[in-house]
Amino acid sequence: MRKNAELSAILQVSQVLTSSLDLEKNLYAAMEILAGRLGLQRGCVFLLDPVTRELKIVSAYGLSREEIQRGKYRIGEGIVGRVIETGQPMFIPNIGAEPKFLNKTDSRPQKSGISFLCMPIALDGRSLGVISVDGIYTAQEGNVDDDLRVLSIVSSFIAQFVLLWEHLRQAENECGHLRMQLKEKFSLPNIVGESAPFQQVLKLVRRVAATDTTVLLLGESGTGKELIAQTLHYQSRRAKQSFVAVNLAALPENLIEAELFGVEKGAFTGAAVRRAGRFELADQGTIFLDEIGELPLNLQVKLLRVLQERTFERIGSSDSMAVDVRVVTATNRNLMEAVAKGTFREDLYWRLNVVPIVLPPLRERAEDIPLLLDFYMDKFNRLHQRRVRLNPAAVARLKSYAWPGNVRELANTTERLVIMTDKETIAEGDLPPNILCFNSTAAPMRDFCAPGAEDLGDEVQQLERRRILQALKDTRGVQQQASRILGITPRQLGYRIRKYGIDLRAF
Ligand SMILES: Nc1ncnc2c1ncn2[C@@H]1O[C@H](COP(=O)(O)OP(=O)(O)O)[C@@H](O)[C@H]1O
Ligand SMILES: [Mg+2]
């Protein structure tokens with residue numbers, strides 16, 4: 001009889017301890033079970049405060065609020081304090097006859113006839129606290145050893161739960177801390193640009209960040225679309241939730257749907273487990289769909305529905321899922337042209353285009369180039385522990401360069417300069433050949449552009465190969481994007497990659 005009651009109490013305690021993330025609530029539920037099943041009158045869980053080294057009641061059964069507040073012990077003080085000190089359980093058959101019993105909580109009007117059982121809560125040699133219970137022991141209720149055993153099992157459950165709970169608290173703190181850092185990183189002061197066209201962009205960003213409006217970011221590759229998308233998120237009320245970025249140009253067409261909307265188990269051969277899509281992961285947060293122009297027509301319908309009704313279905317499921325996401329998209333293509341050609345749905349275009357933000361190419365805001373050079377020289381000097389500077393002629397040269405890869409190209413160029421140079425000060429002649437060869441007004445400067453090549457054909461090919469390598473590096477090997485930077489079709493790029501034997505795994 002009693003054995004069954006014990007087993008079922010233990011089982012129930014183990015279940016309630018992990019039933020929620022509320023420490024007090026779970027501990028209270030555990031003690032309620034012990035009281036009901038084992039006929040205990042009072043129960044207390046004390047935990048050791050790591051800072052004050054005091055034992056405090058975290059949860060108590062059968063005690064009033066005032067009694068709980070009185071129940072504080074130092075290590076070594078009273079029976080509870082002794083148990084934490086020695087790490088050994090104690091049993092007192094009759095607390096009336098025990099001088100050590102301090103009855104601090106003053107919850108026992110007449111001490112006689114009440115027994116007291118006290119068990120340390122510890123794991124891997126670390127004392128976490130104490131659990132104590134009162135009971136009325138009469139002769140036939142017999143074995144105290146049984147109660148001690150039950151309590152020692154329960155206390156080991158509690159120890160594990162408390163540690164788990166501590167880890168969780170810690171993780172939550174760290175997470176909050178990281179998010180604060182991200183918020184800082186994507187704050188407007190970390191975005192460089194004082195030119196009028198760029199300030200116009202920031203004004204818009206400030207205005208729409210606080211809203212849930214769908215935003216379409218337009219601009220050439222490397223102009224800062226993703227940076228602005230992140231800024232919109234981290235400056236919004238969704239900042240504490242996830243920012244999920246999906247580059248549609250980087251995904252094979254047949255995988256896009258599963259990636260975005262998830263897959264129900266058994267939806268197709270190989271779908272062995274249920275997999276959440278990016279929309280689910282972004283719930284409460286922001287989803288950033290980069291290169292939205294690459295979204296296949298059949299999925300455009302599905303996205304349209306998400307925007308209109310905020311619902312979708314996983315592949316292989318007929319259950320609708322609701323999501324609360326802010327949608328930010330970006331493209332460097334002319335979507336209106338795609339609409340005219342019939343490759344992009346017009347209704348979707350208007351849904352996405354609620355607030356368009358156009359990021360100007362760097363060449364149209366050349367006055368920001370020196371600021372960006374400062375920003376990135378500083379950043380990479382610190383990162384690589386260098387103290388490289390650009391002389392004024394070099395800055396002027398970089399300012400007149402067209403930067404087809406925009407800020408990304410500028411950032412990469414700066415990092416390369418910082419790493420590759422042995423000098424403290426970089427002069428104009430130290431700049432990379434692709435920049436020196438470029439001249440918006442005069443003919444290319446032959447001295448810099450002929451690296452000892454035999455004939456013009458060779459020279460052109462070398463230049464072409466370098467440009468392709470750079471574009472692939474700038475786009476992290478995404479050929480679609482690289483071909484756009486280079487102004488050739490993906491097919492032409494593919495042909496040249498083979499021709500020059502470029503190893504794509506390097507990106
Ligand atoms: N205004 C800016 N200030 C500082 N860094 C920028 C700015 N715009 C872009 N960048 C940086 O340039 C790189 C490319 O930006 P990204 O947002 O990825 O461009 P896109 O998505 O338009 O291709 C990133 O490293 C980004 O941090
Ligand atoms: Mg991008």
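Q: How many nonpolar, polar and charged residues does the shell around ligand 1 have?
A: Ala, Val, Leu, Ile, Met, Phe, Trp, Tyr, Cys and Pro count as nonpolar, Asp, Glu, Lys and Arg as charged, and the others, Gly among them, as polar; in this predicted model, the shell around ligand 1 has five nonpolar, six polar and three charged residues. Residues are numbered from 1 along each chain as its sequence is written, while chains are lettered from A and ligands numbered from 1 in the order in which they are written.

Q: Which residues are the closest to ligand 1?
A: A residue is near a molecule if its C-beta atom, placed from the backbone, lies within 6 Å of it; 14 residues surround ligand 1, the closest being Val 192, Gly 224, Lys 225, Glu 226 and Val 407.

Q: Why does ligand 1 lie between two domains?
A: Domain bounds come from an automatic or database domain assignment, and because domain 2 (186-360) and domain 3 (375-506) both give residues to the shell, ligand 1 lies between them.

Q: In what order do the five strands of the open sheet stand?
A: Strands (E, at least two residues) are DSSP runs numbered from the N terminus, and two of them pair if DSSP finds at least two bridges between them; here the order is 8-9-12-7-13, with parallel pairing. Strand 8 (243-247) and strand 13 (355-358) each have a single partner strand, so one side of each is left without a neighbour in the sheet.

Notes: Predicted model: local features only at pLDDT ≥ 70, side-chain atom pairs only at ≥ 80, totals over all residues. Helix = DSSP H or I, 4+ residues; strand = E, 2+ residues; numbered from the N terminus.
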